[in-house]
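Hello,

Here is the structure I promised to pass on. Please open it alongside this email, and my notes follow below.

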Amino acid sequence: MGIFDFIKREKKNQEEEILVLTAAAKGHLIPLDQVQDPVFSEGTLGQGCGIEPAEGRVYAPMDGEITMTADTAHAVGIKGAGGAELLIHVGIDTVEMNGDGFSNYVKTGDHVKAGQLLLEMDLEKIKEAGHLPTVITVVSNSDQFASVKAADECDSDKDTQMMWIS
């Protein structure tokens, strides 16, 4: 071990890689603690944020592989760079709709690019069924990262930076 090995290690740690996630939907981004479902708002399933959607399209926030699609088409899992695992859940209690008003455009095993359309939802049907259409994105393995930070409350589109994982 040379005298400069410590300096090289310290510099390497400072150049930590940050994964930037783009918004999963066009709408209004809200902090996770404002999502009206305690399973998400309390961080039980991981750190993240919500978006009150302005339209019924949900996009991939990062490049990755689809690890799960709900039979009811209201949720998608993606595994991306550095092992980040996302759960994108559409709506509060929308599982009760049994897929009515939802259309999936991906299946388990597909590889997706950031900004690619994952699913569509009928916002009016969701509201008529008495549910909120909030699009929730959480890093389900948040505990494996030093930091998962969501953007401050703002309006979003599919190119808006939504979260940073390091």
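Which residue in β14 does Val148 stand opposite? Before I get to that, please keep in mind that this is a predicted model.

The answer is Ile165: Val148 faces it across the strand pair. The pair in question is β12 with β14, the latter covering residues 161-165. These two strands run antiparallel and are joined by three bridges.

Zooming out, β12 and β14 belong to an open sheet of three strands, in the order β1-β14-β12 and with antiparallel pairing. The edges are formed by β1 (19-22) and β12 (148-150), each of which pairs on one side only. From one strand to the next, the twist averages 20°.

There is another sheet to look at. It is an open one, made of three strands in the order β4-β10-β8, and the pairing here is antiparallel. At its edges you will find β4 (57-59) and β8 (102-104), each pairing on one side only. On average, neighbouring strands of this sheet are turned by 20° against each other, with direction ignored.

For a closer look at this sheet, start with β4 and β10, where β10 spans residues 117-121. Three bridges join them, and the two strands run antiparallel.

Best wishes

Methods
Residues numbered from 1 in each chain as written. Predicted model: local features only at pLDDT ≥ 70, side-chain atom pairs only at ≥ 80, totals over all residues. Heavy atoms only, no water. Pairing = 2+ DSSP bridges. Helix = DSSP H or I, 4+ residues; strand = E, 2+ residues; numbered from the N terminus. Axes fitted to C-alpha atoms, helices over the stretch in contact; angles between N-to-C directions.
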